[in-house]
Amino acid sequence: MAVKYDVAVAGLGAMGSAAARQLAMRGAKVVAFDRFEPPHALGSSHGATRVTRLAIGEGDHLTPLAVRSHELWRELGAESGAALLNECGLLIVSSDANAAQTHVSGFFDNTVAAAGRFGIAHELLDAAQIRARWPMFRVRDGEHGYFENTGGFVRPEACVRAQLESARRHGAELRTNERVLGFDAGTHGVTVTTGKGSYATERLIVAAGPWLPELLPPSLAALFKIYRQIQVWLEVEDAAAFAPQRFPVFIWELQNSTRGIYGFPALAGEHAIKLASEEFLSVTTPAAMDRDVHVEEIAAVQALATANIGGIGARCVRGAACLYTVTRDFGFVIDRHPDSERVIIASPCSGHGFKHSPAIGEALADMAVGRAPRFNLAPFAFARFAR
Ligand SMILES: Cc1cc2nc3c(=O)[nH]c(=O)nc-3n(C[C@H](O)[C@H](O)[C@H](O)COP(=O)(O)OP(=O)(O)OC[C@H]3O[C@@H](n4cnc5c(N)ncnc54)[C@H](O)[C@@H]3O)c2cc1C
């Protein structure tokens, strides 16, 4: 073990790639591993689009991360030349009679409150105003909307690729197709063991997405539940009507279904829109999950979509299965390992982490090099689960 690194990163998806870039930009000597060749379609960061929004209904502490992330997406977009962030606008629809709930109770009201508190420009719309602006949404009287014109979508694969290329340009040593088997943290450093060797490092960031439980002792692993999700692309009759200039990203807390629905505009050159719901019925693992998307699953999303949105055709052009790593409060974990302050655990999923990944990468890098992160990370601590 001739080389001693400042920081090792295990996992180069959304979080690990962002952390590796930020570490390299700080001049740290970084080695970073992924068991596959990211961006890939086996974890949590694939499927062409992710919702982004600035006012965050899942918790007040998250809005500053989203705001900072948009700054960083722009910076990375300029550096890479890739289209990463599209602020085409975001609409959230809900009502007093909503049966579906997005991650936490009071999501809609929390979003509006966060927008007010943090000065995020937005419009509140009634059902008639929503229908007038986007006639394809069959909103019922009594439903209402929150529209944020700085919301929209990010492109997960392009983001991960850009983070990794930038990390490499700034000097990070990226070792893909090299699986971390375990780590041993002592007083003088951490030894990371992979399928190809051993590495000595001062600090380790574990950002293994849905594989995280494999790298934790059972008591910590039990805090994370892995749920399979599906995304489907349904053909639209008039692609121009669903282009980002005319159709927003949306999240709809439906009245007539406990499953909500969210979706995206048609991307350039595509005649389909991506739609999804969320499901938390049975837990799985990356190894055990069913990676096929089945006809009846597509039909269920299609039924929700066609009952509520006009202009959607019968043909599904693509489906993808993906994994959520969920905590019981739908929050994130960004904290030091209870057994070693040299090891930092990053699990910002619970189905809404991607939009925050650049700011989380920055915070992880600061933690690892001993700088104070610009955000209060206390809400992400393991300690909350002891209460
Ligand atoms: C269907 C779906 C829709 C979503 N929608 C949204 C959305 O609209 N907006 C939003 O903000 N968020 C959304 N999310 C959540 C978001 O995508 C996740 O928060 C984010 O992708 C998590 O990134 P990660 O880096 O933690 O995990 P991943 O991106 O999965 O990365 C983990 C990486 O670790 C590697 N790895 C694992 N084990 C090891 C090991 N032992 N050794 C080396 N490498 C290892 C894996 O190969 C992988 O590359 C969605 C997630 C899904 C699944």
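Visitor: Why is serine 257 counted as buried?

Guide: In this predicted model, serine 257 has a relative accessibility of 13%, and because buried means under 20%, serine 257 counts as buried.

Visitor: Where is serine 257 placed, and which residues does serine 257 touch?

Guide: Serine 257 sits in the loop between β14 (249–252) and β15 (261–263). Leaving aside residues up to four places away in sequence, serine 257 touches Ala99, Ala100 and Leu304.

Visitor: What makes the approach of the serine 257 side chain to the backbone oxygen of arginine 259 a polar contact?

Guide: The side chain of serine 257 reaches that backbone oxygen of arginine 259 at 2.7 Å, and the limit for such a pair of N or O atoms is within 3.5 Å.

Visitor: Which residues does leucine 364 touch?

Guide: Not counting residues up to four places away in sequence, leucine 364 touches Met15, Ala19, Ile205, Ile334, Ile344 and Ala346.

Visitor: What makes strand β1 mostly covered, and which strands does β1 join?

Guide: Strand β1 (residues 4–10) is mostly covered, with 5 of its 7 residues buried. Strand β1 is joined to β12 (residues 198–206) by 6 bridges, in parallel, and to β2 (residues 30–33) by 4 bridges, also in parallel; as at least two bridges are needed for a pair, β1 pairs with β12 and with β2. Tyrosine 5 has threonine 201 as its bridge partner in β12, and valine 7 stands opposite valine 30 in β2. From β1 the chain crosses through helix α1 (residues 14–25) to β2, in a right-handed β-α-β crossover.

Visitor: Why are β3 and β4 called edge strands?

Guide: In the open sheet of 3 strands, the order is β3-β8-β4 and the pairing is antiparallel; β3 (50–52) and β4 (85–86) are its edge strands, each pairing on one side only. Strand β4 pairs with β8 (residues 152–154) in the antiparallel sense over 2 bridges, which meets the requirement of at least two, and asparagine 86 stands opposite phenylalanine 153 in β8.

Definitions and conventions
Residues are numbered from 1 along each chain as its sequence is written. This is a predicted model: local features need pLDDT of at least 70, side-chain atom pairs count only at pLDDT 80 or more; totals for chains, interfaces and linings use all residues. Side-chain values use heavy atoms; hydrogens and water are left out. Buried means under 20% relative accessible area, exposed over 50%, partly exposed in between (1.4 Å probe, protein chains only). A crossover is right-handed if, with the strands pointing away from the viewer, the path from the first strand over the helix to the second runs clockwise. Contact means heavy atoms within 4.5 Å. A polar contact is a pair of N or O atoms within 3.5 Å; within protein, one must be able to donate a hydrogen and the other to accept it, and residues adjacent in sequence count only if both atoms are side-chain atoms.
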